[in-house]
Amino acid sequence: MMSEAPCPDDRLFCNGAENCDEDTDTCGHGYAPCGDDFVYCNGEEICDEDSDTCGHTGNPCDDGMFCNGDELCEEDAKSCQPGEAPCTDDGVYCNGEEICDEDSDTCGHTGNPCDDGMFCNGDELCEEDAKSCQPGEAPCTDDGVYCNGEESCDENQDRCVPSGDPCSDNEICDEDSDQCLEQPDDDDDDADDDIQDDDSDDDAESPADDDTLADDDDNGGGGDDDDDDDDSGCGC
């Protein structure tokens, strides 16, 4: 009965065929099946144990970056050359500068080069033929309403704001005539700046009587300053 070989196949592809060293009475492996093919630009050799095949890592010059372009491999010089950026100028002025998005591996544009980001000076216009910018029109023009005041622009909130009623507290705003009018008097009575009632019968034209001294002349029309009754007929 023949004995089994001391160095049986380990059924692994990538470590090569097993061999037996008679001099040292040991087992070993032969050459790896995926040796260097001495081609630089296909990358390093790799062994796939699952499929029992050899392969390559690929272009050794590729750095995995999109925005710097595809690197070139020169086999004779066994060296790499940088590629050309993929997002070159498309010759269109009004879409802005070309930009490269590394996250999505795509090219884009910065947008309208004339937009200064300000609301209150209006939307700037881009002229492609002249490759120039023109100022926009202010957004807060006169709305034609007098009684809401003058229009102003709020840059912080990107909106137009009227100044409000242009009239003072004692005036009302008349939109039809575009002017401020005095408010009418609310009182039904005639204007009266006097402290005393103008309708009183006690006017200054009545004779004054201070009723302090001797009886005035009963028959006279002058004032009466005594304590006695001026209407008395007796002079005593």
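The model is predicted, so local features need pLDDT of at least 70 and side-chain atom pairs count only at pLDDT 80 or more, whereas totals for chains, interfaces and linings use all residues. Residues are numbered from 1 along each chain as its sequence is written, and side-chain values use heavy atoms, with hydrogens and water left out.

**Exercise 1.** Determine how many disulfides the structure holds, and describe the link of Cys34 and Cys54.

*Solution.* Step one: a disulfide is taken as a pair of cysteine sulfur atoms within 2.5 Å. By this rule there are 13 disulfides. Step two: Cys34 and Cys54 are joined with an S to S distance of 1.8 Å. The torsion about their S-S bond is about -90°, so this disulfide is left-handed. Step three: Cys34 lies in the loop between strand S2 (26-29) and strand S3 (45-48), and Cys54 lies in strand S4 (residues 53-56), so the pair ties together parts that are 20 residues apart in sequence. Strands here are DSSP runs of E, at least two residues, numbered from the N terminus. Step four: buried means under 20% relative accessible area, exposed over 50%, and partly exposed in between (1.4 Å probe, protein chains only). Cys34, at 15%, is buried, while Cys54, at 41%, is partly exposed.

**Exercise 2.** Locate both ends of the disulfide of Cys140 and Cys160.

*Solution.* Step one: the sulfur atoms of Cys140 and Cys160 are joined at 2.0 Å. Step two: Cys140 sits in the loop between strand S10 (132-134) and strand S11 (151-154), and Cys160 in strand S12 (residues 159-162), 20 residues apart. Step three: with 16% relative accessible area Cys140 is buried, whereas Cys160 is partly exposed at 35%. By contrast, Cys20 is in no disulfide; the nearest cysteine sulfur, that of Cys7, is 3.8 Å away.

**Exercise 3.** Find the salt bridges and state the accessibility of their residues.

*Solution.* Step one: a salt bridge requires a side-chain nitrogen of Lys or Arg within 4 Å of a carboxyl oxygen of Asp or Glu. Step two: Lys78 pairs with Glu75 at 3.4 Å, N to O. Lys78 is partly exposed at 46%, and Glu75 is partly exposed at 29%. Step three: Glu128 pairs with Lys131 at 3.4 Å, N to O. Glu128 is partly exposed at 29%, as is Lys131 at 43%.

Methods
Helix = DSSP H or I, 4+ residues; strand = E, 2+ residues; numbered from the N terminus.
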